[in-house]
Amino acid sequence: MKHFFSISDVDNLQGIVAEAIDLKKNIAQFSELGKGKTIGLIFFNSSLRTRLSTQKAALNFGMSVIVMNVGSDGWKLEMEDGAIMNGDAAEHIKDAARVMGAYCDIIAVRSFAELKNRDKDYAEDVLKSFMKYAGVPVINLESSTLHPLQSLADLITIEEYKKVKRPKVVLTWAPHPKALPQAVPNSFAQWMKNADVDFVIACPKGYELAPEFMEGVALTHNQDEAFEGADFIYAKNWSSYQMYGQIVSTDLAWTVSAEKMALTNNAKFMHCLPVRRNVVVTDEVLDADYSIIIPEAKNRVTSAQVVLKRILTAMQ
Ligand code: CP
């Protein structure tokens, strides 16, 4: 593995999930795999899980870790090629990425969508610039449109908790007071489409994902219908793709409740976190036995570990 930008960087989905679960049991065997190597964790946006889990995964391999909150501590970066830099930006991404690549053996980057210009967000300029200029492997820690380390952790969690060979997995939109990017649902759809699951998206009209993520996916605007027979409920808010970045519904009838969960096949409840309690989902659901949000978050270490292992192995 050279970079980990999306599911396209994974040759065999079942293979990486099996390897991740195995690695979880045998991490001590690889404690020297990254010895003498440095990973730079570069954050343009806030994080709890991604920062701590990727750092822990790197430390498990004996790597050194540098963390930079470039969004608050770094120079403002210019993204446009050939720009006359007489504005706010003090440094061009091509110089910043090359310098970071000179200090680090692997660079991992988080850069969210701005939700102002759909074409700009979906062009993924920040991550693509790092992959172009850094000269070292780049890991996506959530970009404008994708969050693959989260989706891999989600798939590992589903594999660990499923009771039937091909479970029904429902991604349901849920309300939120702020407009959020589509990275988590896009990525989740991409990974579930390629996994051995029956995958359904439930959302109000106007919240359909971009066509490339909806293609081949069962879609319903009826949440109750989607929940019937479900083995996993994955709740997430996202803003509209069609009316880009807008909140087009605040319907609290979409909040995941114990009554809604009762419609399922004793489903497990999942959410990538952070979560707005009693808006996206009720306390009763989040704190129930069937909620697997903490094992899911714990598997963020597992997904980072298997990706780092593959990259470090390819560098040998
Ligand atoms: N799920 C997730 O990526 O969490 P953080 O935003 O806290 O990293």
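I began with the sheet, which is open and has 5 strands in the order E9-E8-E7-E10-E11, paired in parallel. Strands here are DSSP runs of at least two residues, numbered from the N terminus, and two strands pair if DSSP finds at least two bridges between them. I noted E9 and E11 (268-270) as the edge strands, each pairing on one side only. From one strand to the next, the twist averages 20°; axes are lines fitted to C-alpha atoms, and angles run from 0 to 180 degrees between N-to-C directions.

I recorded that the model is predicted: local features need pLDDT of at least 70, side-chain atom pairs count only at pLDDT 80 or more, and totals for chains, interfaces and linings use all residues. Residues are numbered from 1 along each chain as its sequence is written, and side-chain values use heavy atoms, with hydrogens and water left out.

I then looked up E10 (residues 232-236), which pairs with E11 in the parallel sense over 3 bridges. Phe232 stands opposite Lys268 in E11.

My next entry concerns Thr220, which lies in strand E9 (residues 218-220). I found Thr220 buried, with a relative accessible area of 10%; buried means under 20%, with a 1.4 Å probe and protein chains only. Leaving aside residues up to four places away in sequence, Thr220 touches Val200, Ile201, Ala202, Cys203, Glu225 and Ala226, where contact means heavy atoms within 4.5 Å. Ala202 is 18 residues from Thr220 along the chain, yet their C-alpha atoms are separated by 4.9 Å.

Finally, I noted a polar contact of 3.3 Å between the side chains of Thr220 and Glu225. Such a contact is a pair of N or O atoms within 3.5 Å; within protein, one must be able to donate a hydrogen and the other to accept it, and residues adjacent in sequence count only if both atoms are side-chain atoms.

Terms used. Helices (H or I, at least four residues) and strands (E, at least two) are DSSP runs, numbered from the N terminus. Buried means under 20% relative accessible area, exposed over 50%, partly exposed in between (1.4 Å probe, protein chains only).
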